[in-house]
Amino acid sequence: MEKEKNELNIKAMTFFKNNNKKRVLVPDLYNYLGVGRTIVWRKHPELAYLFSEMLKEHNQQKMS
């Protein structure tokens with residue numbers, strides 16, 4: 001369980017680094033992770049919340 005969380009987190013960081021020049025959408029992130037959004041919310045709600053905060057922050061930086 002912990003290993004899966006770490007892998008998802010590392011993949012998410014890579015995703016944001018790879019897309020640092022453009023805005024991203026929620027489906028883009030979950031497609032990249034290869035895991036359904038609902039599954040992440042059920043299994044790792046704290047991780048799903050973190051991802052949503054990361055998305056918001058990432059996109060706000062791209063707007064300014």
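How many salt bridges does the structure hold? It holds four, a salt bridge being a side-chain nitrogen of Lys or Arg within 4 Å of a carboxyl oxygen of Asp or Glu. This is a predicted model, in which local features need pLDDT of at least 70 and side-chain atom pairs count only at pLDDT 80 or more, while totals for chains, interfaces and linings use all residues. Residues are numbered from 1 along each chain as its sequence is written, and side-chain values use heavy atoms, with hydrogens and water left out.

**View 1. Glutamate 7 and lysine 3 meet in a salt bridge.** The N to O distance here is 3.6 Å. Both residues sit in helix H1 (residues 2-18), four residues apart, or about one helical turn. (Helices are DSSP runs of H or I with at least four residues, numbered from the N terminus.) Glutamate 7 is partly exposed at 43% relative accessible area, whereas lysine 3, at 60%, is exposed. (Exposed means over 50%, buried under 20% and partly exposed in between, with a 1.4 Å probe and protein chains only.)

**View 2. Glutamate 46 pairs with lysine 5 in a salt bridge.** Their closest N and O atoms are 2.9 Å apart. Because glutamate 46 belongs to helix H4 (residues 45-63) and lysine 5 to helix H1, this pair ties together parts 41 residues apart in sequence. Glutamate 46 is partly exposed, at 41% relative accessible area.

**View 3. Lysine 56 and glutamate 53 form a salt bridge within helix H4.** Here the closest N and O atoms lie 3.0 Å apart. Lysine 56 is partly exposed at 48% relative accessibility, and glutamate 53 is partly exposed at 29%.

Methods:
Helix = DSSP H or I, 4+ residues; strand = E, 2+ residues; numbered from the N terminus.
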